[in-house]
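Here is a short briefing for a reader new to this structure. It moves from helix packing to a sheet and then to salt bridges.

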Amino acid sequence: MESPHETLDEVLRRGAAAWPGHPALIGEAVRLSYAELDARVDALASALTEAGLAPGDSAAVMADGSAGAVLALAATMRAGACAVPLDAAHPDARRAEAMRDAGCRLVASPDLVATTGAAPAGSRPDVPAYAIYTSGSAGRPKAVIVGHAAAARHAAAAADLFGLTPGDRVLQFASLSFDVAQEEIWPTWLAGGTVVIRPRELPHAAALGRLVAEHGITVLQLPTAYWRALLADAALISASDLRTLRLMVIGGEAASLADVHRYRDSPFRHIDLVNGYGPTECVVTATAFRLAGNDPLPATGGGLPIGSAVPGRRLWILDDAGHPVVPGSAGELYVGGVLADGYLNQPELTAERFREIQVGGERQRTYRTGDLVRECEPGVLEFLGRLDNQVKVRGYRVELEEIDAALRDCPGVQDVANVLIPGPSGEPMLATLIVGDAASVIPEASRRLPAYMIPAATVTAERLPLTTSGKIDRPAVQTLVAEALAARWSARAGKTAGTSSPKPTGGN
């Protein structure tokens with residue numbers, strides 16, 4: 001679906017004209033209609049202009065989970081500048097480095113007040129709308145620049161994909177420092193719906209259910225790791241609290257068919273599920289797979305498909321030489337169509353990842369995702385893992401996501417995260433953090449996986465560590481597993497001290 005708007009700012013302006021009295025934004029102690037929201041954004045944009053923010057500048061937006069942060073985001077764009085959302089929970093030094101890198105002229109505080117009524121410049125289709133910082137190589141974050149035209153086109157595609165209407169209420173769950181937040185906000189406003197800001201503390205299962213009931217939430221978009229934890233505590237959710245909910249969207253990490261079985265045994269069973277996939281460079285969701293309650297599960301290697309191209313995208317699966325793979329074979333995913341502009345201040349990286357390919361006699365600008373996929377059905381993709389997230393174990397290259405998917409399907413297992421840690425001898429070893437019963441994991445892994453992919457040790461926990469945005473906190477998993485195993489090995493070494501033939505350490 002082509003966007004009826006050319007900029008995100010235009011989405012909000014036309015919303016105010018079409019639905020002036022309809023609720024647009026609800027947060028803690030805040031309830032704004034479209035007309036009120038538009039007026040507040042206009043006033044803040046004027047204040048930013050007075051403060052020296054000019055078209056083409058960048059301004060930081062503190063992503064603190066407040067309605068004020070959303071106002072600051074929209075006002076920065078109305079002032080003609082690029083919004084740079086930064087996580088307020090990050091260390092000051094990290095935020096300061098990002099602001100220097102992005103050339104932020106100021107912090108767009110929602111508390112600024114205009115005194116002269118300077119008219120904001122407004123946005124243009126050919127300028128950046130926002131910049132999202134993602135993890136980069138060598139520990140240096142990189143900023144992905146997304147232009148207004150691409151962002152507006154994606155807002156229209158997402159509104160169509162999710163079937164949004166003025167009657168929808170969408171929970172704004174993701175931090176503004178994640179690109180998913182843009183998909184929660186702008187498609188909703190394009191359709192005349194209401195954006196509801198979630199509480200700053202990550203809600204547990206029962207609290208989320210009450211939140212849905214209190215605000216009449218119709219659409220939830222959740223990180224897969226948080227969604228999986230939600231299913232583990234689904235017994236705490238009252239089905240009556242979910243009566244308004246019609247759509248659950250997940251993404252950010254791989255989901256399994258075992259997860260879907262748990263979903264269908266939960267109070268969410270009658271709610272359609274969409275599994276979305278898309279790097280920030282592809283302007284949020286690039287592919288999606290929709291599953292209604294009675295739909296048969298597809299035949300895959302254990303993963304829930306990531307589906308087909310979202311409108312405005314084109315997909316290619318290529319081998320190492322850049323040639324299309326045989327249908328059903330694995331290859332790297334390239335995405336064309338609606339894409340980000342590139343990386344801020346990193347032209348070499350932009351040229352490396354955003355490549356032109358020759359297809360059918362035409363040159364196509366694409367983003368090389370670095371993700372391994374295959375067609376599990378014609379036109380339907382299954383995610384197999386990251387090409388650059390491979391680890392080497394005993395000389396073999398291993399995809400951690402493949403092990404995750406296999407072990408999540410074991411009896412009694414609710415969730416897992418595999419990591420590579422130093423073993424007792426210093427050599428790297430596979431270890432697994434398990435939520436649930438670990439008894440079946442190693443025997444089942446022995447049946448399903450080759451020997452070099454079987455974890456050398458398992459650690460159990462009540463839940464996986466999650467970031468404030470609801471994603472698996474991989475560094476925290478590594479730390480937790482390493483510390484638990486170090487204590488275990490130390491205890492075993494103490495028991496065998498002084499014996500002539502100590503038993504091997506490690507194991508399960």
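This is a predicted model: local features need pLDDT of at least 70, side-chain atom pairs count only at pLDDT 80 or more; totals for chains, interfaces and linings use all residues.

Residues are numbered from 1 along each chain as its sequence is written, and side-chain values use heavy atoms, with hydrogens and water left out.

**Helix packing**

- Helix α2 spans residues 34-50 and helix α3 residues 67-78; they pack at about 60°, with axes 8 Å apart.
- Axes are lines fitted to C-alpha atoms, for helices over the stretch in contact, and angles run from 0 to 180 degrees between N-to-C directions.
- Helices (H or I, at least four residues) and strands (E, at least two) are DSSP runs, numbered from the N terminus.
- The α2–α3 contact (heavy atoms within 4.5 Å) includes L37, D38, V41 and D42 of α2 and L71, A72 and R78 of α3.
- Helix α1 (residues 8-18) packs with α6 (residues 180-191) at about 40°, their axes 8 Å apart.
- The crossing of α1 and α6 is left-handed.
- L8, V11 and L12 of α1 meet W186, W189 and L190 of α6.

**An open sheet**

- Three strands form an open sheet in the order β23-β24-β25, with mixed pairing.
- Strands pair if DSSP finds at least two bridges between them.
- The edge strands, β23 (413-422) and β25 (457-461), each pair on one side only.
- From one strand to the next, the twist averages 25°.
- Strand β24 (residues 428-436) pairs with β25 in the parallel sense over five bridges.
- Helix α11 (residues 400-408) lies across β23 and β24, at about 145° to β23.

**Salt bridges**

- The count comes to 21 salt bridges (a side-chain nitrogen of Lys or Arg within 4 Å of a carboxyl oxygen of Asp or Glu).
- D9 bridges to R13, with the closest N and O atoms 3.3 Å apart.
- Both D9 and R13 lie in α1, four residues apart, about one turn of the helix.
- D9 is buried at 4% relative accessible area, while R13 is partly exposed at 36%.
- Buried means under 20% relative accessible area, exposed over 50%, and partly exposed in between (1.4 Å probe, protein chains only).
- R363 and E356 meet in a salt bridge of 3.5 Å, N to O.
- Salt bridges that share partners join D9, R13, D38, D42 and R78 into one network.

Terms used
A crossing is left-handed if the near helix is turned anticlockwise from the far one by less than a right angle, and right-handed if clockwise.
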